[in-house]
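Biologist: Please place the model before us, and let us then examine it by question and answer.

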Amino acid sequence: VLSDLFEQVSAGKFDTLIVNPPFYRGEAKNSEQYAWFAGNNLEYFEKLFAQCKGHMNSGSEMYMVLSEDCDFNRIFEIATSNALVVKAVAVKQFLTENLYIFKITIAHK
């Protein structure tokens, strides 16, 4: 399914979601740059975190890889504002940077 995030995904819930998002601030100037740039204010994460809960059960997990070069604080702030919990579960050095894997779940009240 070709989709911008969940826009073309039919209704349904998933136990596990895996995402390797664009994580640098900036606007994509061509289609290749959409793999790297998440918008000047990280709008990609606003959409991702707002939409993902509609496809997650209370016990679902989303795993996301991020580079140490991104704005963790702002991304986590966006997740928290969407009632999501972010927890680091792994780190791996790749070439000259550290890549982190985070588990994201729906916050329980």
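**Fold, helices, pockets and selected residues**

Modeller: The model is a predicted one. We may begin with a loop residue: alanine 83 lies in the loop between helix 2 and strand 3.

Biologist: Where is leucine 95 found, and is leucine 95 buried or exposed?

Modeller: Leucine 95 is found in the loop between strand 3 and strand 4. Its phi is near 55 degrees, again a positive value in a residue other than glycine. The cut-off for exposed is over 50% relative accessible area. At 69% relative accessibility, leucine 95 therefore counts as exposed.

Biologist: What pattern does the protein chain follow along the sequence?

Modeller: The protein chain has 2 helices and 4 strands. Read in sequence order, these elements give the pattern β-α-β-α-β-β.

Biologist: What share of the contacts with a separation of 6 or more comes from residues 24 or more positions apart?

Modeller: Of the 109 residues of the protein chain, 31% count as buried. Among contacts with a separation of 6 or more, the share from residues 24 or more positions apart is 59%.

Biologist: Within what arc do the buried residues of helix 1 fall?

Modeller: Helix 1 covers residues 43–52, and its buried residues are Tyr44, Phe45, Leu48, Phe49 and Cys52. Seen down the axis, these buried residues line one face of helix 1, because they fall within an arc of 115 degrees.

Biologist: Which exposed residues does helix 2 carry on the face turned away from its buried side?

Modeller: The buried residues of helix 2 are Phe72, Ile75, Ile78 and Ala79. They cover an arc of only 130 degrees around the axis, which puts them on the same side of helix 2. What covers them includes helix 1, strand 2, strand 3 and strand 4. The face turned away from that buried side carries the exposed residues Asn73, Thr80 and Ser81.

Biologist: Which element gives the most to the lining of the largest pocket?

Modeller: About 280 Å³ of space lies in the largest pocket. Of the 13 residues that line this pocket, the closest to its centre are Leu5, Phe6, Ile18, Val19 and Tyr44. The lining divides into 10 nonpolar, 2 polar and 1 charged residues. Strand 1 and helix 1 each supply at least two lining residues, and the element that gives the most, with 4 residues, is strand 1.

Biologist: How many charged residues has the lining of the second largest pocket?

Modeller: The second largest pocket holds about 240 Å³ of space. It is lined by 13 residues, of which Tyr34, Phe37, Ala38, Gly39 and Tyr44 are the closest to its centre. By class the lining has 7 nonpolar and 2 polar residues, and the charged ones number 4.

Biologist: How far apart in space are valine 85 and alanine 107, C-alpha to C-alpha?

Modeller: Valine 85 has its place in strand 3 and is partly exposed, with a relative accessible area of 40%. Valine 85 touches Lys103, Ile104, Thr105 and Ala107, leaving aside residues up to four places away in sequence. Valine 85 and alanine 107 are 22 residues apart in sequence, and their C-alpha distance is 5.6 Å.

Biologist: By what distance are the C-alpha atoms of tyrosine 100 and serine 67 separated?

Modeller: Tyrosine 100 is found in strand 4 and, at 22% relative accessibility, counts as partly exposed. Beyond residues up to four places away in sequence, tyrosine 100 touches residues including Met64, Leu66, Phe72 and Val91. Tyrosine 100 and serine 67 are 33 residues apart along the chain, and their C-alpha atoms are separated by 6.3 Å.

Note on methods:
Residues numbered from 1 in each chain as written. Predicted model: local features only at pLDDT ≥ 70, side-chain atom pairs only at ≥ 80, totals over all residues. Heavy atoms only, no water. Buried < 20%, exposed > 50% of the residue type's maximum accessible area, 1.4 Å probe, protein only. Arc of directions from axis to C-beta. 1 Å grid on protein atoms, 1.4 Å probe; cavity = no way out; pocket = protein on both sides within 12 Å on 5 of 7 lines; lining within 4 Å. Points joined across faces, edges and corners; volume = space filled by probe spheres on them. Nonpolar A, V, L, I, M, F, W, Y, C, P; charged D, E, K, R; others polar. Contact = heavy atoms within 4.5 Å.
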